Amino acid sequence: MKMRLLLVSLIMVFLASSCSPDPIEPTDIPSAINAVEVEHELLGIVNAHRSALGQGDLAFSPVAYEHANDHNDYMVATGSLSHHNFSLRASQISSETNAEFVAENIAKGYSTAAEAFQNWLDSPNHKNTLEDDFTHTAISVKVDDNGTFYYTQLFYR
């Protein structure tokens, strides 16, 4: 009886811990190197595109930049492209900036700002985000040990 109770308890603990839809980012993730020139170039490309459409430039947000960097470090550490924990990032940005709405574009594997931007432009959902009525943004671009580029752009209004 005790063995069966222990087994049922272990199964319940396993099931409860494996049902999280939004994984929690580990806190001991090493910080990858930023490709600052690519970040600046990509922000320039995004704002030039928006200007051509008659929209205003997106202002740089240090708050969004911190969250974009943290997410890129997570993606580099896991080697995956993901929106894991976006709702947490969005909530924190909203809390810190009084933002009404937060969105995110991510990319992996593009070695230039122009390639990453074109990838987003070719995707209807990413293009809509680029062209939406946001007021602030930040772009983090990080490179892993194999030379793979990771991109996170956060937007808010």
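This is a predicted model: local features need pLDDT of at least 70, side-chain atom pairs count only at pLDDT 80 or more; totals for chains, interfaces and linings use all residues.
- The average pLDDT over the chain is 87, and 83% of the residues score at least 70.
- Residues 2-26 are another matter, as the pLDDT there is below 50. In the model this stretch still has 15 contacts beyond near neighbours in sequence.

**The chain as a whole**
- The chain has 157 residues, and 38% of them count as buried.
- Take the contacts in the chain with a separation of 6 or more: 73% of them are between residues 24 or more positions apart.

**Where α2 meets α5**
- Two packed helices are described by the angle between their axes and the distance between the axes.
- For helix α2 (residues 36-52) and helix α5 (residues 113-121), the axes come within 9 Å and cross at roughly 40 degrees.
- An angle under 35 degrees would count as roughly parallel, and roughly perpendicular starts at 65. The α2 and α5 helices are therefore oblique to each other.
- As for handedness, α2 and α5 make a right-handed crossing.
- On the α2 side, the residues in contact are V38, E41, L42, I45, V46 and H49. Their partners in α5 are A113, A114, F117, W120 and L121.
- Sorted by class, the contact of α2 with α5 has nine nonpolar residues, plus one polar and one charged.

**H49, up close**
- H49 sits in helix α2 and is one of the residues that meet α5.
- Is H49 buried or exposed? Its relative accessibility is 17%, so H49 counts as buried, the cut-off being under 20%.
- Leaving aside residues up to four places away in sequence, H49 touches F117, L121 and E131. Among them, F117 and L121 are also on the α5 side of the helix contact.

**G147, out in a loop**
- You'll find G147 in the loop between β4 (136-143) and β5 (149-156).
- With a relative accessibility of 39%, G147 counts as partly exposed, because that class lies between 20% and 50%.
- G147 and G109 are 38 residues apart in sequence, while their C-alpha atoms are 8.7 Å apart in space.

Notes:
Residues are numbered from 1 along each chain as its sequence is written. Side-chain values use heavy atoms; hydrogens and water are left out. Axes are lines fitted to C-alpha atoms, for helices over the stretch in contact, and angles run from 0 to 180 degrees between N-to-C directions. Helices (H or I, at least four residues) and strands (E, at least two) are DSSP runs, numbered from the N terminus. Angles under 35 degrees count as roughly parallel, over 145 as roughly antiparallel, 65 to 115 as roughly perpendicular and the rest as oblique. A crossing is left-handed if the near helix is turned anticlockwise from the far one by less than a right angle, and right-handed if clockwise. Contact means heavy atoms within 4.5 Å. Ala, Val, Leu, Ile, Met, Phe, Trp, Tyr, Cys and Pro count as nonpolar, Asp, Glu, Lys and Arg as charged, and the others, Gly among them, as polar. pLDDT is the predictor's confidence in each residue, from 0 to 100. Buried means under 20% relative accessible area, exposed over 50%, partly exposed in between (1.4 Å probe, protein chains only).
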